[in-house]
Amino acid sequence: MKFHLSLICTILSLNTGAQITWSADVAPILFENCVSCHRQDGIAPFSLITYTEAKLKAGEIEESVDSGEMPPWPADENYTHFAHELVLSDDERFKIAEWIADGLQAGDTTLVEAPTFEYGTSVLDTISSSFSIGTYTTQYNIDEYRHFVIPTGFATDKYFNTMEIIPGNWNLVHHVDIYLDNTNYSDSLDQLDTLAGFNELTGWPYLIDYIGGWSPGSGPLYFPENWGIKIAAGYDLVVQIHYAPDNIGLTDSTRINFSFVDDTAAVRKCSVSVPLYNPLGQPLIIPADSIITFKQQSSAMVGAKSLIALMPHMHMLGSSYTIWYETIAGDSVPVIDIPEWDFHWQYFYTLPKIMKIPSGARFHAIAVYDNTSDNPENPNDPPITVYEGAYTKDEMLMTFMALADYVPGDENIIIDSSFYFPTEVNSIDELSEFSLFPNPANKTVTIASNAFEEVDKCTITDVLGRNVLQINHTVSESSSQFFTNYKHCTLNTRYIYC
Ligand code: HEC
């Protein structure tokens, strides 16, 4: 007999009624939702990888997850879901609280395999090309937009499937945006400045082809397998880094990692554009002591598009930002809602499944700014009228989107399978008979079950929905264990398919 199943909350079945421990219950939650930032060389101020580290911070952990402050995820998951969203379930929050109430039990720590991060601070499995800005020492105590020009040296066109930007100094780097230049114009400006890169005192570079960026908290920009953004042979990368004020004399050496699509003949071409830019029919001016709402509207899509990822962008006065699209027939489809804008957590949000935007549809948005002294992020005290501009104390209203021309079937491409069940799903009773441990796993994983005699094929997927393990033979033993070796991967706690 062959059947499909999905498993909700993997390790639950191993621990029914048992005491909550760090090893079995809490570590998987922290590994999946926290340690991408809370690790050595991560963005967060302390690591939460080991039992001792988690125990030390237990009270604060509970407080921060109960208040919703951690993990940081400004998008409202009740409006739309995104890939790899950092949202804890009630069950996960409950487990953390119970773990503390039960006296912070360690459990069997030998069973826990902490995720490792290869390539220094990178979280990627493969890196095809890696670039660095070199080392720059900040020269100012005010905001600086500095541009670094890096020749790629590519002899042929490349399509990147993943781009990871790793700021060299988390305290200094406000955001990074990456453009392409084939004119040598940016490079000539770079030559005029004796230090690494240049700023607007020398000139503004050629900033036409935008390929993606980083803001605090963003992870790598991923596209589906074989989809990618082109970096043509001979182009320079222009890396724009916004350095925060009051940091003179600090050094930064930001790095950019790419992994490329292998088969460039079959690649699905993606590009990043800004369909929503500035308010509809009026300039972006935010009067002092006002709370003001703006509408935005894109032009109509020419041909259907496939939306892969998007990054809404405002500065300190932003209060909320909601985006949807409307079809020619007048149907509204939700895209993203950020009910409490947080300047510090601006992500490139990737759809869990490609979103088809029909031909003729338009994106719409409503954005609210709070320029009163009740806004704790207001950079001006007392408030002053704020205009559109690139500096932190200015404002912006725009949304970057990674789009491709639509091909029938795109809307079925799943980027994060957590939200989608396999076509045939067995009942929860049957699901609870299977378990994966540890999870996330690094090299070895155990599948525990009493129902293996009924299985002839079993697939384990990682959080990107990629198959990491497939077992095709019939298993007769009950409570069998399989061991396998694969590169670092975070297993998808929510699914195994059998
Ligand atoms: C995207 C990166 C990121 C993720 C993911 C993340 N944190 Fe944090 N966390 C931070 C940063 C950065 C700070 C420091 C905040 C600051 O200085 O304002 C922080 C601060 C904290 C603090 C200190 C108290 C506070 O609220 O400022 C706790 C506790 C904490 N995080 C727990 C967690 C837990 C638990 C998770 C997972 C459930 C988590 N964090 C996920 C980045 C992250």
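Guide: What follows is a set of questions about terms, with answers.
This is a predicted model, where local features need pLDDT of at least 70, side-chain atom pairs count only at pLDDT 80 or more, and totals for chains, interfaces and linings use all residues. Residues are numbered from 1 along each chain as its sequence is written.

Visitor: Why is helix 3 called roughly antiparallel to helix 4?

Guide: Helix 3 and helix 4 (residues 90-101) pack at an angle of about 155°, with their axes 10 Å apart. Angles over 145 degrees, on a scale from 0 to 180 degrees between N-to-C directions, count as roughly antiparallel. Helix 3 is therefore roughly antiparallel to helix 4.

Visitor: Which residues of helix 3 and helix 4 meet?

Guide: Ala-58, Ile-61, Glu-62, Val-65 and Asp-66 in helix 3 meet Arg-93, Ile-96, Ala-97 and Ile-100 in helix 4; contact means that C-beta atoms, placed from the backbone, lie within 7 Å. By class, this contact has 6 nonpolar, no polar and 3 charged residues.

Visitor: What makes strand 14 and strand 17 edge strands?

Guide: The open sheet has 4 strands in the order 14-19-16-17, with antiparallel pairing. Strand 14 (291-297) and strand 17 (332-338) each pair on one side only.

Visitor: How do you know that strand 14 and strand 19 pair?

Guide: Two strands pair if DSSP finds at least two bridges between them. Strand 14 and strand 19 (residues 362-370) have 7 bridges, in the antiparallel sense, so by that rule they pair.

Notes:
Helices (H or I, at least four residues) and strands (E, at least two) are DSSP runs, numbered from the N terminus. Angles under 35 degrees count as roughly parallel, over 145 as roughly antiparallel, 65 to 115 as roughly perpendicular and the rest as oblique. Two residues are in contact if their C-beta atoms, placed from the backbone, lie within 7 Å. Ala, Val, Leu, Ile, Met, Phe, Trp, Tyr, Cys and Pro count as nonpolar, Asp, Glu, Lys and Arg as charged, and the others, Gly among them, as polar.
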